[in-house]
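Please open the structure in your viewer and keep the selection tool at hand. This tour goes from one selection to the next, with a short account of what is there at each stop.

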Amino acid sequence: MTNRETKAQKIIEKNNQIKQIDNHTFQVKSQSSDKWYDVISTESGFICSCPYSTFRKTNCKHSISVEINQGIRKYIEDVKQKQVIINPVEINGCKFCESNHIIKKGLRKNKNYSIQTFQCKDCKRKFSINIGFEKMRVTPQAITASMNLYFNGESLRHVVDFMKLFGVEVTHQTIHNWIKKYIGLMETYLESITPQVSDKWYCDEIFLKIKGDRKYLYAMLDDSSRFWIASQVAKTKYTEDVRPLFKNSQVRAGKKPKVLLSDGAKNFMQAHKKEWYSNYKKDKVEHIRHIHFKGDKNTNKMERLNNEIRDREKVMRSLKTDDSPILTGMQIFHNYVRPHMGIDGMTPSEKAGIKIEGLNKWITIIQNAKLNQ
Ligand SMILES: [Zn+2]
Ligand SMILES: [Zn+2]
């Protein structure tokens with residue numbers, strides 16, 4: 001990033017420094033006086049009325065700030081247009097004859113809870129549907145509440161205690177089995193929907209202990225939505241260990257970023273060169289070391305993911321293998337379930353155009369996943 005781009009970024013971050021007058025005309029506030037400069041969009045780019053621009057005949061920070069701002073707007077518009085909404089599953093047909101003439105017919109009592117039953121007005125048969133939770137001996141709410149507590153950092157032992165308070169007696173092995181079953185189901189379904197991530201990503205490295213062994217978790221995140229695009233677990237820190245992270249992120253997002261932020265570690269630098277090097281300007285992925293940004297919000301964002309994962313050290317202790325559903329579960333929780341303060345209490349997936357409706361997002365996802373299986 002050039003000096004002028006950094007200055008332009010600062011103008012945008014200040015808010016209310018850019019006004020749009022009409023389709024082609026903008027005004028940007030001078031950063032040293034009360035003046036406003038006119039920035040006009042022309043076929044050959046933006047032209048600004050400031051002294052710098054008139055004198056040097058080159059792009060000034062004002063035109064660059066308008067250009068970047070328009071890019072951000074376009075991205076937000078695109079996300080809105082491509083938004084995918086996942087709704088809670090409603091039962092509106094007969095299980096046997098698919099007729100729509102069904103009526104609610106009281107509750108069927110299971111050993112531990114009751115399920116809504118229906119009667120079909122055409123074939124007269126009675127049925128109950130518990131999509132995704134068939135034959136489970138506790139409620140979908142208890143199962144998903146356990147998962148939520150666990151991924152929020154509680155130990156399995158705590159989750160077992162909480163469940164007892166709600167009258168549900170389970171072992172920690174049962175909870176582990178639920179996680180395995182449901183995270184797998186959710187993962188396959190969610191991977192079929194592409195998140196609308198921005199052109200600026202950041203990669204990070206988190207130290208883990210799995211079964212007492214030192215391991216590294218590499219993560220790729222979208223800067224704008226905080227969407228956790230992909231992760232990779234490896235024993236060592238070589239370039240070859242992080243290259244799959246770059247490949248998988250590109251597949252998951254359906255594109256490459258234009259800017260990549262990292263801590264500048266050698267493995268990231270080389271993987272970037274090997275995976276995303278291009279001679280063409282249009283195809284170029286700029287790599288920025290976040291050391292240059294010390295103290296600014298990019299650094300903070302990365303540290304936040306680190307904290308999020310470190311909070312789960314207890315969770316990590318129960319990790320048994322690299323491909324444990326626990327890691328995937330953490331990623332699903334981060335992306336689709338947990339609201340983030342940094343993005344106005346939205347979930348990263350919502351910000352990236354995937355909106356999960358319903359009071360219990362776990363249940364919405366699980367039931368949709370089951371129907372799409
Ligand atoms: Zn200017
Ligand atoms: Zn029927």
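A residue is called buried here if 20 or more other C-beta atoms lie within 10 Å of its own, and exposed if 12 or fewer do. Please keep in mind throughout that this is a predicted model. By that definition, buried residues make up 31% of the 373 residues in the protein chain.

Among the contacts in the chain with a separation of 6 or more, 57% are between residues 24 or more positions apart.

Select strands E1, E2, E3 and E4, which form an open sheet in the order E1-E2-E3-E4, with antiparallel pairing. At the edges are E1 and strand E4 (45–48), each of which pairs on one side only. From one strand to the next, the twist averages 25°.

Zoom in on E1 and strand E2 (residues 25–29), which run antiparallel and are joined by 3 bridges. Here isoleucine 18 stands opposite valine 28 in E2.

Step back to asparagine 16, found in the loop between helix H1 (3–14) and strand E1 (18–20). Although asparagine 16 is not a glycine, it has a positive phi of about 55°. Is asparagine 16 buried or exposed? Asparagine 16 has 6 other C-beta atoms within 10 Å, and it is therefore exposed.

**Helix H4**

Next, select helix H4 (residues 140–151) and compare its length with what its residue count leads us to expect. At 1.5 Å a residue, the 12 residues of H4 should span 16 Å, and this agrees with its end C-alpha atoms, which are 17 Å apart. Colour the buried residues of H4, which are Pro140, Ala142, Ile143, Thr144, Ser146, Met147, Tyr150 and Phe151. Just after H4, look for glycine 153, which takes a positive phi of about 115°.

In soluble globular proteins, nonpolar side chains tend to be buried together. In this model, the largest nonpolar core has 55 residues, of which Met186, Cys203, Met220, Leu221, Ile229 and Ile365 touch the most other members. Helix H11 (residues 325–337) gives the largest share of this core, with 7 residues. Another core, of 11 residues, lies apart from it and has Ile11, Ile18, Val39 and Val66 among its members.

**Two packed helices**

Now show helix H6 (residues 172–190) together with helix H13 (residues 361–371), and turn the view until both axes can be followed. Which angle do H6 and H13 make? They pack at an angle of about 70°, with their axes 9 Å apart. H6 and H13 are therefore roughly perpendicular to each other. To see the contact, select Tyr182, Leu185, Met186, Thr188, Tyr189 and Leu190 of H6, along with Ile365, Ile366, Asn368, Ala369 and Lys370 of H13.

**A last stop**

Finish at aspartate 344, which lies in the loop between H11 and helix H12 (348–351). Aspartate 344 has a positive phi of about 55° although it is not a glycine. With 9 other C-beta atoms within 10 Å, aspartate 344 is exposed.

Terms used. Residues numbered from 1 in each chain as written. Chains lettered and ligands numbered in written order. Predicted model: local features only at pLDDT ≥ 70, side-chain atom pairs only at ≥ 80, totals over all residues. Contact = placed C-beta atoms within 7 Å. Core = buried A, V, L, I, M, F, W, Y, C linked by C-beta atoms within 7 Å. Helix = DSSP H or I, 4+ residues; strand = E, 2+ residues; numbered from the N terminus. Expected span 1.5 Å × (residues − 1). Pairing = 2+ DSSP bridges. Axes fitted to C-alpha atoms, helices over the stretch in contact; angles between N-to-C directions. Parallel < 35°, antiparallel > 145°, perpendicular 65-115°, else oblique.
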